[in-house]
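The following note comments on the fold and on one helix pair. Please read the points alongside the model.

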Amino acid sequence: YDFNLKKENNHLIIGNIDANELAEKYKTPLYVIDEEKVRNNYNKLYTAFNSKYEDLHMCYAAKANTNLAVMKILEDEGSYIDAVSPGEIYTALLAGFTPERIVFTGNNVTNEELEYAHKTGVTINLDSISALERLSTIEGTKGKEISIRVNPMVEAGHHEHCITGGPKSKFGIKEEEAVEVYQKAIDLGFKPIGMHSHIGSEILESEPFMLAVETMMDIAGKVHKEVGVDFKFLDFGGGFGIPYEPTENELDLETFTTDIIKLFKSKLEEYDMGKPAMYIEPGRFLVGNAEVLLTRVNTIKESYRKFAGVDCGFGTLLRPTMYGSYHHIVVANKINEENVEEIDIAGNLCESGDLFARDRPMPKLEEGDLLAILNAGAYAYSMASQYNSRPRPAEVLVNKDEVDVIRRREEFSDLFNGQKIPTRLLK
Ligand code: LLP
């Protein structure tokens, strides 16, 4: 996989703009997101599913990238939202999504959070019997339409931390108790209209997804038959992967969607469930490859190993440190040069685990080179922190020839937001 990079005069081009100019003008580290790519990703995935099953809602998993401008672009494309917290509901509303276009799937939610979700009018997808019972105690929830998350005992994902189905997962209710829980929902006065599952993230083959769809459809079919629930929607979660390593391939969307929709339709028929909407919740697929992180090499060091030290660290991009994830790295000011050495690309934080790559084949690196860390659109800025008192970087949006700052670079003063020294300590 070659990451479809645009190159001109040995430079990396984003939209129609030279990455080196962006770095000069807006300084580094800098997140750069390409609007066209977000729109293309959305349309590619939407069309692949929608051409085979019309009543499809694509709920963008906002957690992947909550930048308001990014949310607005997806709003404009017609997306729905998968929100996991009141903060994400708030963000989605601010970006212009109407409550009807937001599904809230919380985990270990408090009564206050349930109340907030209820008041905003979004669809609530419940993760436990406890949440179901507690929601029923909130005023005005009688007769409310709700959805329930089941754990279909299918495990998938690129790292243990991201596997959300199966026996060890904290999410959803057990599949064996689904009939009982839906009955309970009705007894509590709710109108269950949805079922949800999400098995994991960064899935590049169709098998686990097919297995999850099959399992969830059998559970939904049983609930339909035994409890009489008429599902308005069935939500199969997200997890659609993207290639991070040159050796990986893109998801074969045509085969993938053909197989899934075929299975979905046959199960609907088997259980006589009519034509409910199909929901999916892609996060990474929509934004992952649309953004790069530009960071400048400031130190070349040969100690026991050879290091290229850059001007950001795992506070800016956590995935390599947290999951050991591979992110492809190119040199934006000499993009055509061949790899000649293996080198560690190290961040600027005070921990040995602060590495973007170990023994990475790279062109000859020099101080001042501009690195572009690819696939930094999903779970990158949204997982960033100020650890080591490093203000977070700026983020710019490129649309062909246009550039907009969509998040200003933080300053030292942002490190102290909301903090206060008690006056008694100032005496
Ligand atoms: N729906 C639910 C209920 C989820 O929990 C998630 C992701 C998604 C949808 C979207 O999954 P996606 O399509 O993006 O794979 N920080 C990790 C990924 C954590 C995913 C958490 N849940 C990473 O950097 O790989």
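1. In the protein chain, 69% of the contacts with a separation of 6 or more join residues 24 or more positions apart; two residues are in contact if their C-beta atoms, placed from the backbone, lie within 7 Å.

2. This is a predicted model, in which local features need pLDDT of at least 70 and side-chain atom pairs count only at pLDDT 80 or more, while totals for chains, interfaces and linings use all residues. Residues are numbered from 1 along each chain as its sequence is written.

3. The protein chain holds eleven helices and 21 strands (DSSP runs numbered from the N terminus: helices are H or I with at least four residues, strands E with at least two). Its radius of gyration, 23 Å, is close to the 22 Å that the globule rule gives for 427 residues, so the chain is as compact as a globular protein of that length (taken over C-alpha atoms; the rule is 2.2 Å times the number of residues to the power 0.38).

4. Of the 427 residues, 44% count as buried (20 or more other C-beta atoms within 10 Å of the residue's own, C-beta atoms being placed from the backbone).

5. Helix α2 (residues 35–50) and helix α3 (residues 68–77) have axes that come within 10 Å and cross at roughly 40° (lines fitted to C-alpha atoms over the stretch in contact, with angles from 0 to 180 degrees between N-to-C directions). The contact is made by Glu-35, Val-38, Arg-39 and Tyr-42 of α2 with Val-70, Ile-73, Leu-74 and Glu-77 of α3.

Key. Buried ≥ 20, exposed ≤ 12 C-beta atoms within 10 Å, placed from the backbone.
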